[in-house]
Amino acid sequence: MLDACAELVDEVGYEGLTTTLLAERAEVAIGSVYQFFPDKRAIVQALTLRTMESYLQRLDERFASDDLTHWWDGVDAGIDEYITMHRTVPGFRTLHFGDVVDLHLLDEQRDNNGVIADQLARVLTERFGLDAPDLRFHLEVAVEAADALIKLAFRRVPEGDERVLAEAKALIREYLHRQVDARAEVAQPN
């Protein structure tokens, strides 16, 4: 059902998605849909959670490789995976991490991009031992900026405007370098 939901969201958008359309596409009885999901929001939430898990798994795999030598390589990997998912994962270009439906779809207390920033902070800290003041805050700002610029790139060109994507990566890297590296250096005693 989640695969059918992802296809339909790409075709008709969140507003056009109905449980009836979903049942037809998934080739199940409407009662089967309601057995697992009370409404379309719950279906989209399940799809978004699956997508988030996939994103984090992709990041873990990238971070486990020896190709990443510095924390900003990890940031680049996070951006690259987000772009790849826009291009390859059904439903992702429309739903992203659920912000189309609800800014608090992933967590009632934090907005969706805040959840992503928390996860990035976790993997950057685990993989690179990054310990910078206000890391989570700066990552949340970076995620918001990257999200907006990547959406712009995909509005301009269906496969993503490479110039905008390159600028997004450069902007995020420079911002985080200024906020994270510079502050970490100041915080370290001589």
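Modeller: Happy to; here is how some of the labels come about. This is a predicted model, in which local features need pLDDT of at least 70 and side-chain atom pairs count only at pLDDT 80 or more, while totals for chains, interfaces and linings use all residues. Residues are numbered from 1 along each chain as its sequence is written, and side-chain values use heavy atoms, with hydrogens and water left out.

Colleague: Why is D181 called buried?

Modeller: Buried means under 20% relative accessible area, exposed over 50% and partly exposed in between, with a 1.4 Å probe and protein chains only. D181 has a relative accessible area of 13%, so D181 counts as buried. D181 sits in helix α9; helices are DSSP runs of H or I with at least four residues, numbered from the N terminus.

Colleague: Which residues does D181 touch?

Modeller: Leaving aside residues up to four places away in sequence, D181 touches H70, W71, W72 and L176, where contact means heavy atoms within 4.5 Å.

Colleague: And what makes E27 exposed?

Modeller: Its relative accessible area is 72%, so E27 is exposed. E27 is in the loop between α2 and α3 and has a positive phi of about 55 degrees although it is not a glycine. Most residues other than glycine have a negative phi.

Colleague: How do you know that the buried residues of α2 line one face of the helix?

Modeller: In α2, residues 19–26, the buried ones are T19, L22 and A23. Seen down the helix axis, they fall within an arc of 100 degrees, so they line one face of α2; the arc is that of the directions from the helix axis to the C-beta atoms. These buried residues pack against α1 (2–16), α3 (30–36) and α4 (40–64).

Colleague: What makes a space in this model a cavity?

Modeller: On a 1 Å grid over the protein atoms alone, a cavity is a set of points where a 1.4 Å probe fits but cannot get out, and lining residues have an atom within 4 Å of a point. Grid points are joined across faces, edges and corners, and a volume is the space filled by probe spheres set on the points. The search of the whole structure finds 1 cavity of 30 Å³ or more, and about 180 Å³ of space lies in the largest cavity.

Colleague: Which residues lie nearest its centre?

Modeller: Of the 17 lining residues, Y55, I79, L120, V143 and A146 lie nearest the centre of the largest cavity. Helix α8 gives the largest share of the lining, 6 residues.

Definitions and conventions:
On a 1 Å grid over the protein atoms alone, a cavity is a set of points where a 1.4 Å probe fits but cannot get out, and a pocket is an open set with protein on both sides within 12 Å along at least five of seven lines; lining residues have an atom within 4 Å of a point. Helices (H or I, at least four residues) and strands (E, at least two) are DSSP runs, numbered from the N terminus.
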